[in-house]
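Have the sequence and the model side by side as you read.

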Amino acid sequence: MDNLRISLIQGDTRWHDPEANREYYGGLIAPLHDITDLVLLPETFTSGFSNDAIERAEDMDGPTVAWMREQAAKIGAAITGSVQLRVGDQVFNRMLFVTPDGGIRHYDKRHLFRYANEHQRYAAGRERLTVEWKGWRICPQVCYDLRFPVFARNRYDVERADALDYDLLLFVANWPAARAYPWKTLLRARAIENLCYVAGLNRVGSDGNGIHYSGDSAVIDFLGHPVSECTDEEVVVTTTLQASELAAHRERFPAMLDGDSFQLR
């Protein structure tokens with residue numbers, strides 16, 4: 001496992017305007033050609049976090065999936081972020097993980113944000129996802145999932161023999177400024193308890209419902225220390241995750257060997 005370069009695209013998502021968002025985020029992504037391995041875009045980056053955006057939900061053959069494949073190929077890196085996607089008569093808040101060769105994996109947000117009635121309009125996913133990229137095992141999750149540590153738990157000797165499930169935990173979000181302290185705190189908690197790197201990518205600006213977002217995107221190491229932190233402005237930050245430091249920490253502090261066994265239902 002070599003070092004991994006990860007880029008946070010902390011942008012001001014346009015409200016209910018997929019075409020404008022693809023153009024906007026495409027402009028922020030373009031300079032990353034050959035200088036990153038993985039790009040994070042916010043939750044629902046084509047619309048903002050809106051129950052009403054369900055009316056314009058695309059499918060897996062729609063323009064946003066095609067756009068993500070095109071962007072990944074152009075910059076030679078994987079790209080991930082969530083959009084509203086329709087499957088049959090249901091719409092999911094779906095996080096896509098797209099690689100430069102056109103490969104695509106997806107994770108459907110399991111924990112729907114009841115406080116904003118997301119659960120009344122969107123379908124909940126059930127399965128956790130782990131993807132392999134550049135020798136790293138990566139677990140992608142979405143916003144409200146951050147509050148549920150059991151679902152994110154990094155287990156030992158379960159998905160792979162004599163090793164933890166994943167090395168990097170991702171959260172893409174539309175996390176309001178009013179709850180910024182829990183966002184910052186929980187990102188650190190997930191990193192410490194799971195002996196992994198955590199990257200949390202949030203948006204900035206204000207949405208069509210008048211909700212303000214303070215960004216606060218960050219990459220956190222396995223000790224809970226920030227490797228990089230953003231404030232409340234549009235910014236693109238690239239950080240290198242150190243594979244050898246992660247391995248050394250797990251060797252000298254093997255807390256995973258004392259973890260509890262459980263079944264997730």
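Ser 50 touches Trp 15, His 16, Gln 84 and Tyr 122, leaving aside residues up to four places away in sequence (contact here is heavy atoms within 4.5 Å). Keep in mind that this is a predicted model, where local features need pLDDT of at least 70, side-chain atom pairs count only at pLDDT 80 or more, and totals for chains, interfaces and linings use all residues. Numbering starts from 1 along each chain as its sequence is written, and side-chain values use heavy atoms, with hydrogens and water left out.

**Around Ser 50**

- You'll find Ser 50 in the loop between β2 (38-40) and α2 (63-75); helices (H or I, at least four residues) and strands (E, at least two) are DSSP runs, numbered from the N terminus.
- Ser 50 counts as buried because its relative accessibility is 6% (buried is under 20% relative accessible area, exposed over 50%, partly exposed in between, with a 1.4 Å probe and protein chains only).
- The side chains of Ser 50 and His 16 make a polar contact at 2.7 Å. That term means a pair of N or O atoms within 3.5 Å; within protein, one must be able to donate a hydrogen and the other to accept it, and residues adjacent in sequence count only if both atoms are side-chain atoms.

**Aromatic pairs**

- Searching the whole structure turns up 11 aromatic pairs (ring centres of Phe, Tyr or Trp, the last by its six-membered ring, within 6.5 Å; planes under 30 degrees apart are stacked, over 60 edge-to-face, the rest tilted).
- Tyr 107 and Phe 151 make a tilted pair, 6.2 Å centre to centre with 35 degrees between the planes. Tyr 107 sits in strand β5 (residues 104-108) and Phe 151 in helix α3 (residues 149-152), so the pair ties together parts 44 residues apart in sequence.
- Both partners are buried: Tyr 107 has 1% relative accessibility, and Phe 151 has a relative accessible area of 2%.
- Tyr 197 and Phe 222 pair edge-to-face, at 5.4 Å centre to centre and 75 degrees between the planes. Tyr 197 is in strand β9 (residues 197-202), while Phe 222 is in the loop between β12 (218-220) and β13 (226-229), 25 residues apart.
- Tyr 197 counts as buried at 3% relative accessibility, and Phe 222 does too at 5%.
- Ring pairs also link Phe 49, Phe 113, Tyr 115, Tyr 144 and Phe 148 into a cluster.

**Leu 264**

- Leu 264 lies in the segment after α5 (243-252).
- With a relative accessible area of 43%, Leu 264 is partly exposed.
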